[in-house]
Amino acid sequence: MSNSSDRLSHLSPEEKRSLLAKLLQEKAAAKEAPEVPSAHYRFDLYPEYLQLKRQLAEITALGMHNPFFTVHERVSADTTVVAGRELINYSNYNYLGMCGDPVVNRAAQEAIDRYGTSACASRLSSGEKVLHRELERTIADFMGTEDCIVYVGGHATNVSTISHLFGRNDLILYDELSHNSIIQGCFLSGATTISFPHNDAAALDEILRDRRHRYRRVLIVIEGVYSTDGDIPNLPEFIAAKKRHKTFLMVDEAHSAGVLGKTGRGICEHFAANPADVDLWMGTLSKSFASCGGYIAGSTAVVEYLKYTSPGFVYSVGISPPNAAASLASLQVLQAEPERVTRLHQRAKLFLELAQARGLNTGMSRDSAVIPIIVGDTIKSIQMSHHMWERGINVQPMFYPSVPENAARLRFFMSCTHKEEQIRATVDILVEELYKLSGESNGRSQ
Ligand SMILES: Cc1ncc(COP(=O)(O)O)c(C=O)c1O
């Protein structure tokens, strides 16, 4: 047996010193951090960004115009103007024609004259205006709730409210087709989150029977109208499940407020339900109400708690005075002119019936102002959008990951401002273009 000093005994002191220096150098080099790949510190090399660039290049290579970020040159309602050309328009949420309405415009202008263009502070500190109070009172009365809180954005309303009211030890059950803002709020909350099959109150009930007792608070989240498919959940069944299992129920009415019900009071009116049976009525101001912002209508307790503590409200500026005034005026116009809702229902029904009669695949859409025409694959939806564009119709394609693969579609948003002739012409053109694209003789979409 020999130890290491024996093995080095033949070396001179000079050689030993130089060997030691070499070993120390090697050790230091080995300790140095490995090279950081440039994609880890450069956005232009993000694989996700490069993938996006490839997808956009594919659209251009097909000879299509990029359907995203189209610049519109005036108010968009039943028609719009792009690059000086007027198109029939189905690509925005101006359901009741409130955006661009002279009364609504004037209200926003007067608010600017009085308050300027910004609330300039969080409402909690010193951004509160009388308009904010009037808007919240009007929404609460319209919805039949005790009170209401208005946030500066619709997306932020969901994220901030859900993540703030629920946390560890809680369970959130949300419909599998829920909007991104709901899902973001769920994940941020730290609660256990489970999606249940679309519109399936029986499946939800089963999950609750299994799991309710393991959690402190439980929230069920559904939407009044699902924005990808234009279908409506059976609200009474969800209210029954909520009561049976002692949970909270939240309904996102982004696409149902102003749309469903005889007077536009949403899914609650549609089913003649009791507003008090839903704990959190969420809605956006960007669709039927000609503005930008979101609200939670509910009990005095939850609204007061959110106003003092919800991060997206407390640490964010108040909705701007012209935005608040526009929504307030929209609600007033809606109550004075409920025929706008009747007209919207008629126009959407006409579109749906004509499309179905021609064999187009309208998916699950019913009784709402969102009508998908499902064409199958992504490329086909982009091509169809392009061909419709060339024929003077603006309609956006929608594809994976926004909807399942092979369920890509054109999504038509209806407005009470659409004319019957526009709708008839649109369905005729749709059938012609689908026929041309698929080469099928009967013009059916898949
Ligand atoms: C169901 C749903 N919830 C919330 C939002 C967010 O609303 P906003 O666009 O006003 O921020 C949207 C937006 O389209 C939506 O469709």
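A residue is taken as buried if 20 or more other C-beta atoms lie within 10 Å of its own, as exposed if 12 or fewer do, and as partly exposed in between, with C-beta atoms placed from the backbone. Helices (H or I, at least four residues) and strands (E, at least two) are DSSP runs, numbered from the N terminus. The model is predicted: local features need pLDDT of at least 70, side-chain atom pairs count only at pLDDT 80 or more, and totals for chains, interfaces and linings use all residues. Residue numbers start from 1 along each chain as its sequence is written.

Helix α7 (residues 154-165) is mostly covered, with ten of its twelve residues buried. Among them are Gly-154, Asn-158, Val-159, Ile-162 and Leu-165.

Strand β6 (residues 218-223) has six of six residues buried, so it is largely enclosed by the rest of the structure. Both faces are covered. Val-218, Ile-220 and Ile-222 lie on one side; Leu-219, Val-221 and Glu-223 lie on the other.

Strands count as paired if DSSP finds at least two bridges between them. Four bridges join β6 to strand β4 (residues 171-175), and the two run parallel. Here Leu-171 stands opposite Val-218 of β6. Five bridges link β6 to strand β7 (residues 248-252), again in parallel. Ile-222 has Val-251 of β7 as its bridge partner.

The chain is assigned domain 1 (52-89 + 338-438) and domain 2 (102-336), with bounds from an automatic or database domain assignment. Their C-alpha centres lie 27 Å apart. The contact (C-beta atoms, placed from the backbone, within 7 Å) takes 17 residues from domain 1 and 14 residues from domain 2.

Terms used. Two residues are in contact if their C-beta atoms, placed from the backbone, lie within 7 Å.
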